[in-house]
Amino acid sequence: MIETKTLTCVACPKGCEVTVEYEGDEIIEIKGNACPQGQSYAEEEIVAPTRILPTTIRVKNGALPLCPVKTTKQIPLENMFEAMQIIGKKEIEAPVKMGEVLIENILDTGADIVATRDMPKETY
Amino acid sequence: MNKKYDVIIIGAGISGCAVAWKLARYNLDILLLEKEADVATGTTKANTAIMHAGYNADPNKLKGRLNVKGNEEIREVSKKLNIPYKEIGSLVVGLEGDNLSVIDELYQKGLKNNVKKMEIVDRDWLFEHEPNISRDAVKALWAPTAGVITPWEAALAMAQNAVANGAEVKLETAVEDVLTEDGQVVGVKTNRGNFAADYVVNAAGLYADEIAEMVGIEKINITPRKGEYYIYDHAKDFAVNHVVFPVPTPISKGIVVTPTVENNILIGPTSQNVESKTDLATTREGLNEVYKGAKKLYPELDLRDTIRVFAGLRAADDTEDFVIEAAENVKGFVNVAGIQSPGLASSTAIAGYTADILRDEGLTLSEKKDYIETREEPVRFYEMTNKERAKMVDQNKDYGQIICRCETVSYKEIIDAINSPVGARTVNAVKRRTRAGAGRCQGGFCGPRVVDILAQELGIDPTEVKQEEGNSQILEYKIKQLLGSKVMDNA
Amino acid sequence: MLNLKKDLVVIGGGPAGLAAAKKAYDEGIEDVMILERDFEPGGILPQCIHNGFGLHYFKEELTGPEYAQRFINDVKERNIEIKLDTMVLDVTKDRKVYAMNKKEGFLEIEAGAVVLAMGCRERTAGAIGIPGTRPAGVITAGTAQRYTNIEGFVPGDEVIILGSGDIGLIMARRMKLEGADVKAVCELLPYTGGLTRNVVQCLEDYDIPLMLNHTVTAIKGEGRLEAVEISEVDENLKPIPETAKTIKADTLLLSVGLIPENELSKKADVALDDRTGGPIVNEGRETNIEGIFACGNVLHVHDLVDWVTEESQIAGAHAAKYIKNNFEKTGKCAEVKAGENVRYVIPQKIELEAGDRKRIPLYMRVSTPLTAVDINLYADGEKLYSFSEPFAKPGEMISVPLAQKTLDDLDDLSEIKVDIIEKEGE
C-alpha cells in the first residue's frame, strides 16, 4: 500500500517540509527538500530512523549521584528503550572524565555510551 | 495508659494552640494533639490573617464579646511571643451605589462592642491615605485598632511557648474516640494509643462536631464554608496600606484587599458552603468573584505578579457563633467549636474564656513559679538589613548559605525550623516557619534543596519527604527504578 | 564582613556569565570575579543533558554539560575567580555588590563594572491561577529536570505536561525514557512554542500526543495529585466547559513561560522593558545605569544558548571598554522599535561610538507564526533593506545583522524599525 508522510527535516535550521511517498521500505518519491541532506534525512526517517540517545547513568562515590551520557553516534529509534534498560542497570565508579567510554558498542549498534562531563569523586 | 494529663486539647489550630498557651502558665500537665504533621494546617493556615477591630461582630453573640478583647490583648502577646503583627488599621469603604448606612450601623455596633478610636472618614482622607482606592469611594469606617498577623506563626509561637512551659505536643496523632466512665471524661483513644486526662478540650475545627458526637453531643453541626484567595508577590509595585473591606452583606464581610504582614497583597475570600470538609479546591467562578470584588475597590489592580491561589474552609456552626461551653451531659468536656471569623482575632480571649470555664468545672489553676512569658525571636533573614545579616553569619557560618533566593532564607534558619520544639517535618511546615518556597518562584529553585535538607535532618529517604498531609510525597521514584518495571511501546 | 574591590563582577556563572567574563578577560580585564549561587558553574546547562547546543557557535552538536564545560575550561585556564555557593543579595546603582556564602560570610564588593547574568525563573501554577487543589506532584518542568538529571529522582509516573515550550517537550521525552507514562502535552495556543526538532524528537518519536488549543482547567487530588481536568479553548483562549475531560495523573509538569530574574536589577534602579521582562540596553548591552551591563536570559529569554554566548561576548567586551575608559557614547541615541508582527527587538537603543565593530546583531521574535516572510529594516521611516525567510516562529529567535557601514551612511538617525510581513499571494 502506497503511503505518504510529511516530515520536517531537522538537518539544518531551515526545517523544510519534506513529503515522502513510500511503500513499506521502498521509497517512491521525495519532494520539498532544499538540499541533498533533506533527501537522506527523509529516506532514513521512513526506513530506519536513528537518534542520539542522551541520558544519565548512576555513579558510585561521585560528587553527584548521576553522570550525563550520550551515544557516540545515532542509534535506531527502536532501540531506545532497550538501551535505557541496559544503561539503567549499570553503575559506574567515579572519577570519570568527559568523553570516557562507559559502555562499548551498545546493542551492537557501533555506538558507545560516553560521559558528557567530568564527574569527580565525592569530596567528603 | 500510664501518665494522666490534667487537660488534653484536641486540635492544634489557632484555638487549640491558644488554649495550650493559656493553660501552660498554670501547674498543669497539658497534652495538645494534632492529627496532621504540623500545627495550623487547617483553617488557621488559609484565612485572611486579620486581627479584626471588632465592629462587625454581633454584640449579642460570643463573637462580639471576645473579638475586641482578643484584638487588644494581641499587642502585648505578639511582642512577648515574637509573632509578626502589624496594626495597620482597617477601612470599610462605601462606594457610590452601596448602602452607605451600613457604615454608620457598623460604627454603632463597634461602639457597643467597645471598639476604640473609630472614625468615619471622607473621600479626601481616603484618597490621601489609600491612593489606589476607587474614585467612586464616598466614605469609610476607619478602625485604626485592626491589624494583620501571621496566623500559623501565632499558632506555632503559642504551641512552642506552651512546650517551653512543660506542655506536650503530639503531631500525627488523631483522636478516634473520647473515653468516659460514669459520665466523666477519662481520656482519649488515638491512632497512637490511649491518653488519660480529667479534662478534654475540643478545638478540632472542622471536625469539632464529630469529636463532640463521641461524647453524645449532637447539637454542634459544622458546615465547611469555603473562601478562595489570590496572593501576590511582595515585590508587586501597588500600594495597599490598610485592610480594606467593601460594605458587608448579611452573609459575608465581602472581598477584602489587604497587605499581609510580609507585604504580600492578599485578595479574597468568597463565601460558599461546601459538602466536604476536605474540599479545598479553588474554582474558576470563585477566583473570578475574588478578582471582580477586588477590582471594585481597586480598579487599577491586575493579576500580574500573583504567585498563588488557595482556599480555606471556615468551621461554621449552625448558630453562626462560637460554641465555647462545658458539656452538660458529661463532666470535664469543653467545646471550643464553630470558631470562624473573628476566631483568629479573638484567639487569646477565647483561650482566657476557656480557662475560666475549666476553672468553673473544677480544674485548679495555680500559677507556675518559673513561668516563661516570652518566646525568643526567630532569626528571619528576610527582615534583616545587610549589616544584621553580616553579623549573624559572623556568629555562625551556616547562615551564609542562602537556600531560598526569593525570600532570602538561610540554611541555618531551615535546620533550626526542623530541629526546634514543634519542629517542621514537611516541606510546607518549613515554608510556614521560614518562608522558603513562599516567594515568586514558589520553590522552583529551593524545593529540591529543602527536600534534601529535610531528608538529612529527619534521617529519611528523599522519597519519603512529604509536602503536607498523609500521601503527599514530593518524589515517587528513585531514578532508574521505573525502568524494566513497565511494558513500553517502542516508536 | 569581607570588603573587596574588583574591576568586573559578573553575577551568574551560567553560559552568559562565563562568556562575558572570558571576553572581558581577553580584552584586558583580568580582575574579574564571577558570583554563582549553585555548587558548580554552568547555570542551567548541567541539567540540560540533551543535545542540540552549539550547532551555530561550535558547528558541532553538543549536550548542555559539554557546552558548559568548554566555557568552564576557558574560565579555569584564565584563572578567573568563581565564587560558588554564593548568593548575591543586593546590587546598588553605584555598583556595590553584596553577597553571602558559607566559607567567607558576608561580602561587600566594589565593582568597576557589573554584568547581570542571573538568567530566568519559571512561571508557576499559582501564577497562572489554575483552579483546584494544591497537592504534591505539580512542579515546573525545569525543577522536574533538576530532580531527574541531577538529584536522581523521578517525580511520578503518570505525567501530563502543560506547555509545549522546549522545556516541556524535552521533559516529555526524558520522563518517557526513564519509564514514566507521559500521557499528553497540552498547549494553550494553536501552535507550539518550542523548536520544531523538539516536537519531532520528543513527541512524535514517542507517540506522545500534542494537544494544541488545550489547557489544564483544574487540578485534583488531596495530598498527591490524582487527576487533571483538560479543556479545549476557543479563539480567545477561554476554556470551553463542555470539552472538559478528566485524565488520571500523579504528576503535572508546567512549562508555561520563563521570566527574566530581575529583582536585583530593580534594586540597582535598572529600567526594564515590559515586553521582554529584562533591562533596556544599548548595543553594548549597557543598561540605563552606567557601568551595569546585562546579557543572556536575564535580558530576554533566548531559545539557543549559542545566541546567549554571542550576546554575552558583546556585554563582556563593552564592560571591558567601560572599565578601560574606552567607552564612548555618540551623544545621539537611535531607538530600535519593534514594528508589525515583531514582539521585541534587542538592543532597544543604539548610542555608542562604533570603534572597529563591523555590525550590530539585532535579536528579535515574531509575535505570531508566519510563513514566507519579508523581514524589513527601516531607518527613520525609509526602508533600509529587507530579506526573506520561509517562515518565522515565535519559539525561534531571529538574528538580523545591521551593518556598521549602513549606519555610518545615515545622518542624524533617530529610529530603526523592524517588521516582519508575510509576502502577498503566498
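Student: Which residue of β8(B) is the bridge partner of B:Y85?

Tutor: B:Y85 has B:I149 as its bridge partner in β8(B). Before we go on, note that this is a predicted model, so local features need pLDDT of at least 70 and side-chain atom pairs count only at pLDDT 80 or more, while totals for chains, interfaces and linings use all residues. Residues are numbered from 1 along each chain as its sequence is written, and chains are lettered from A and ligands numbered from 1 in the order in which they are written.

Student: What makes β4(B) and β8(B) a pair?

Tutor: Strands here are DSSP runs of E with at least two residues, helices are runs of H or I with at least four, and both are numbered from the N terminus. Two strands pair if DSSP finds at least two bridges between them. β4(B) and β8 (residues 147-149) of chain B share two bridges, in the antiparallel sense, so they pass that test.

Student: What makes β3 and β4 of chain B edge strands?

Tutor: Take the open sheet of three strands, which runs β3-β8-β4 in chain B with antiparallel pairing. Its edge strands, β3 and β4 (85-86), each pair on one side only.

Student: Which peptide bonds in chain B are cis, and what are their omegas?

Tutor: Among them is the bond from B:G268 to B:P269, with omega near -5°. Another is the bond from B:S341 to B:P342, with omega near 0°. B:P269 lies in the loop between β16 (265-268) and β17 (272-273) of chain B, while B:P342 is in the loop between β20 (333-337) and α8 (347-360) of chain B.

Student: How do you know that both faces of β2(C) are covered?

Tutor: Look at residues 32-35 of chain C: C:V32 and C:I34 on one side are buried, and so are C:M33 and C:L35 on the other. In a regular strand the side chains alternate between the two faces of the sheet.

Student: Which strands pair with β2(C), and in what sense?

Tutor: β1 (residues 2-11) of chain C pairs with β2(C) in the parallel sense over four bridges, with C:V10 opposite C:I34. β5 (residues 81-83) of chain C pairs with β2(C) in the parallel sense over three bridges, and there C:M33 has C:E81 as its partner.

Student: What makes a crossover right-handed, and where is one in chain C?

Tutor: Point the strands away from you: if the path from the first strand over the helix to the second runs clockwise, the crossover is right-handed. β1(C), helix α1 (residues 15-26) and β2(C) of chain C make a right-handed β-α-β unit.

Student: What makes up the contact between the two domains of chain B?

Tutor: Domain bounds come from an automatic or database assignment, which here gives domain 1 (1-377) and domain 2 (383-464). Residues are in contact if their C-beta atoms, placed from the backbone, lie within 7 Å. By that test, 15 residues of domain 1 of chain B and ten of domain 2 take part. α5(B) gives the most to the domain 1 side, with six residues.

Note on methods: A residue is buried if 20 or more other C-beta atoms lie within 10 Å of its own, exposed if 12 or fewer, and partly exposed in between; C-beta atoms are placed from the backbone.
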